[in-house]
Amino acid sequence: MRAFSDRFVALVCALGVLAVLMTGARAGPYEDGLLRFTADSFDDTIEGINAVATSGNALAPQVIGALQEGRLLFSAGEKQVFIRETPDRLIDAATGRPVAGGEPSDLSPVRLNNRLRRIVEAALGGLTLMAPDPGKRFEAAQAVLKSKDANALPVLDQAIPRETDARVKQALTEARAAVVLYLDAAPDADKIEAIAVIRQRGDQDALALLGGLPASASPAAKKAAADAIASIENSLALWTALQNAWYGLSLGSVLLLAAIGLAITFGVMGVINMAHGEMVMLGAYTTFVVQQVIRAYDPTLFDYSLAVAIPLAFGVAGLVGILIEQGIIRFLYGRPLETLLATWGLSLILQQAVRTAFGPTNKDVGNPSWMSGAFELGQITITYNRMWIIVFTLLIFMGLLALLRFTRFGLEMRAVTQNRAMAASMGIRTSRIDALTFGLGSGIAGLAGVALSQIDNVSPNLGQSYIIDSFMVGGVGNLWGTLVGAFTLGIANKFLEPYAGAVLAKIAILVLIILFIQKRPRGLFALKGRAVEA
């Protein structure tokens, strides 16, 4: 009898302990946080978000995510919180199990305001700081950096020592510095250390963090922040200049491709071709046609579309150039005014022909995958399409120099440039050289159209946008002068535009060119020889 009594007492004690444990589970931080959501009060919701986010419960990310998306519901009568998974499916936020039976009749969404949305975003960032995916951890660190949520500080202190990815660890350190900087209870030494971390970041986000330093900060912290702001502003000014120089190089590379044909034809033939911009346009439309054919018959080859378009654009524009020389230019040598009028009229004809064939609207020319996207170099954004255009331009330039230096055609072209009469007396067919030279210049303009199709709208007026700059660059009759002129003009444009605007910048550059011509009428790279000097 005594043994039975002892066993009964032990059973009762065990049940009591189990009841206490179950009660404790029901009254944990996660459950308390869910209960706060049922109060339908913004202040209680803030406490609920903080409690759920810091509870460590596996359902916490799901609950905070549903709150952000407006799918978190509560029943005031039953004091329960639910997640709307689908229109006809509810999940009990406390257990994660589907709700069996009918839905409560008093379901309402947990309300949010702008302040709460920022807190929710920060809470989600804190919940993903320990995620397995480094990309998610990095994004979470950036979210905490912007929100400066003090609730994320304990998680950051745990995540930083464990982090193995250097990029993510730096982002976590910067996020912690942003939180400490705005934490009233943080010691001055910690705030000054946080300012040093943010100073090393050195971008616009860092300026915003330092500029918004609370008024309650100590004089030492304010002085450190002011010094950091001055340093960052100086650094950003330098990076801005480098970014403008990069944009200028990319613009100059396009101008070089468009103008190099003018330099060739003017240097050999003394002809200014007003239809040169239309050769650029023909190259761009050739690229468009190639991409349309590839899209229609084998889209998997799209990444190779430019490799197909480059020789075709050179051939189409070059052939049209030869036809122009043979059909019009050859009858107008020595008559510059008639040449200008004839080629200008031809440019209008070509524009209208393209407008009739393809329509007046812009055409979609896509970037291959290897020309899409960008990467960061310090504070400079380098786009792949412009980078490859610069490489392409330099390859074309070096190839053209090699053609002129090491081929018979190049030798004959240089001979005609220096002394046409002497070249003819040596048996060089100058009329043939003229036709091929005009075709070569037009073909290179077609290659410029391929490049421009990747960064500009393809339309019948494409060439007209660059023809004036091309004349300013390419009228020197010398390839090295064209190279220097193109990059100088492109960089000068990008540095002047922020201060004077696009139109005034071009006017200023034109004035500078006129002054330069007055000083050096034969240019930087003047041809030498008895025939030239005579």
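Before reading off partners I note that two strands count as paired if DSSP finds at least two bridges between them. The model is predicted, and I keep that in mind for each entry below.

Entry on strand β1. I looked up how β1 and strand β2 (residues 80-86) are arranged, and found them paired in the antiparallel sense over four bridges. Within this pairing, F74 has V81 in β2 as its bridge partner. The two strands form a hairpin with four residues between them, and in the turn I noted K79, whose phi is positive at about 55°.

I then turned to strand β4 (residues 107-109), which pairs with β1 over three bridges, again in the antiparallel sense; here the bridge partner of S75 is L107 in β4.

Are the residues on the two faces of β1 buried or exposed? In a regular strand the side chains alternate between the two faces of the sheet. For β1 (residues 72-75) I found L72 and F74 on one side and L73 and S75 on the other, all of them buried, so that both faces are covered.

Entry on T286. This residue lies in helix α12 (residues 276-297), and I count T286 as buried because its relative accessibility is 11%, where the cut-off for buried is under 20%. A polar atom of the T286 side chain lies 2.7 Å from the backbone oxygen of L282. Leaving aside residues up to four places away in sequence, I found T286 touching L312, A313 and V316.

How values were computed. Residues are numbered from 1 along each chain as its sequence is written. This is a predicted model: local features need pLDDT of at least 70, side-chain atom pairs count only at pLDDT 80 or more; totals for chains, interfaces and linings use all residues. Side-chain values use heavy atoms; hydrogens and water are left out. Buried means under 20% relative accessible area, exposed over 50%, partly exposed in between (1.4 Å probe, protein chains only). A polar contact is a pair of N or O atoms within 3.5 Å; within protein, one must be able to donate a hydrogen and the other to accept it, and residues adjacent in sequence count only if both atoms are side-chain atoms. Contact means heavy atoms within 4.5 Å.
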